[in-house]
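Hi everyone, thanks for having me.

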Amino acid sequence: MTSQSAPAGRARPGGRGQKVRAAVLAATLAELTGTGYAALTVENVARRAGVHKTTIYRRWKDREGLVADAVADRATTAKMPFPDTGDIGTDLLRLARMTVAFLTSPAGGTVAAASLSDAGRIPEVAGAKRRFFEALFRQAEPVVSGAIARGELPADTDPAELVRTLLAPIYLRLLVTAEPIDRTTADNAAKVALAAARAGALRSDPA
């Protein structure tokens, strides 16, 4: 969250300030989805949120801070816990399907689009994206350790590399080749990641 948005963040839960903040952030994401970052204006966000633009400027210094707060807030609330079912193949399959479900949702699509646009250069947006994946890597560690203990994966399998290998084909189709992603995409990504890990291709760097 940016320093400009801190007063709104301290608003009393359930109070008018918190409701206004939620409405403005939702309107910002809607504008990002509908027009993109380049065409986004504070005036349009205010109109969509049903507030005066001075209300926004009292809480956010500029549109960069507004967009950063909106994307960071959505990324923070986008919970994607690493599954832990006791079977690594099932865990990877569920994570892949959750990822596809999120990225094909309005919220996930907005976050992905914002990250690829000029908004992705805003330090707070880049930081929110980095923290999201770092948290996912950390969550993978105990799950992978359990799989290793059960003999499902080689002893030196790198949890972060396993997650990267799982997510790479999904994000490639979404962000690079602009191909549709669906359950088949998720299932194939899980199969590839599991096969690579079991073959010892995702070992931790000895260094």
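This is a predicted model: local features need pLDDT of at least 70, side-chain atom pairs count only at pLDDT 80 or more; totals for chains, interfaces and linings use all residues.

Residues are numbered from 1 along each chain as its sequence is written, and side-chain values use heavy atoms, with hydrogens and water left out.

So what does Arg173 form a salt bridge with? The partner is Glu179, and the closest N and O atoms are 3.7 Å apart. Salt bridge here means a Lys or Arg side-chain nitrogen within 4 Å of a carboxyl oxygen of Asp or Glu. Glu179 is partly exposed too, since its relative accessibility is 35%.

Okay, zooming out. The protein chain has ten helices and zero strands. Those are DSSP runs numbered from the N terminus (helices are H or I, at least four residues; strands are E, at least two). Of the 207 residues in the chain, 45% are buried. If you take contacts (heavy atoms within 4.5 Å) between residues at least 6 apart in sequence, 64% of them join residues at least 24 apart.

Back to salt bridges, then. How many does the structure hold? There are ten. One of them pairs Asp187 with Arg97, with 2.8 Å between the closest N and O atoms. This one ties together distant parts of the chain, as Asp187 is in helix 10 and Arg97 is in helix 6, 90 residues apart. Asp187 counts as buried because its relative accessibility is 17%, while Arg97, at 29% relative accessible area, is partly exposed.

Now look at Glu161 and Arg164, whose side chains meet in a salt bridge at 2.6 Å, N to O. Both sit in helix 9, three residues apart, or about one turn of the helix. Glu161 is partly exposed, with a relative accessible area of 29%, and so is Arg164, at 39%.

Helix 9 spans residues 159-176 and also holds Leu175. With a relative accessibility of 32%, Leu175 is partly exposed.

Let's go inside. The largest nonpolar core has 35 residues, and the members touching the most others are Phe82, Leu92, Leu153, Leu162 and Leu166. By nonpolar core I mean buried Ala, Val, Leu, Ile, Met, Phe, Trp, Tyr and Cys residues joined through side-chain atoms within 4.5 Å. Helix 6 (88-103), helix 8 (123-149), helix 9 and helix 10 (183-198) each give it two or more residues. Helix 8 supplies the largest share, eight residues. Leaving out residues up to four places away in sequence, Leu153 touches several others, including Ile88, Val144, Leu162 and Leu194. Another core lies apart from this one, with 24 residues, among them Leu25, Val51, Ile56 and Val67.

Leu25 also turns up on the list of buried residues of helix 2, along with others including Val20, Arg21 and Glu31. Helix 2 covers residues 16-35, 20 residues in all; at 1.5 Å a residue it should span 28 Å, and its end C-alpha atoms are 28 Å apart, so the two agree. The expected span is 1.5 Å times one less than the number of residues.

Technical notes: Buried means under 20% relative accessible area, exposed over 50%, partly exposed in between (1.4 Å probe, protein chains only).
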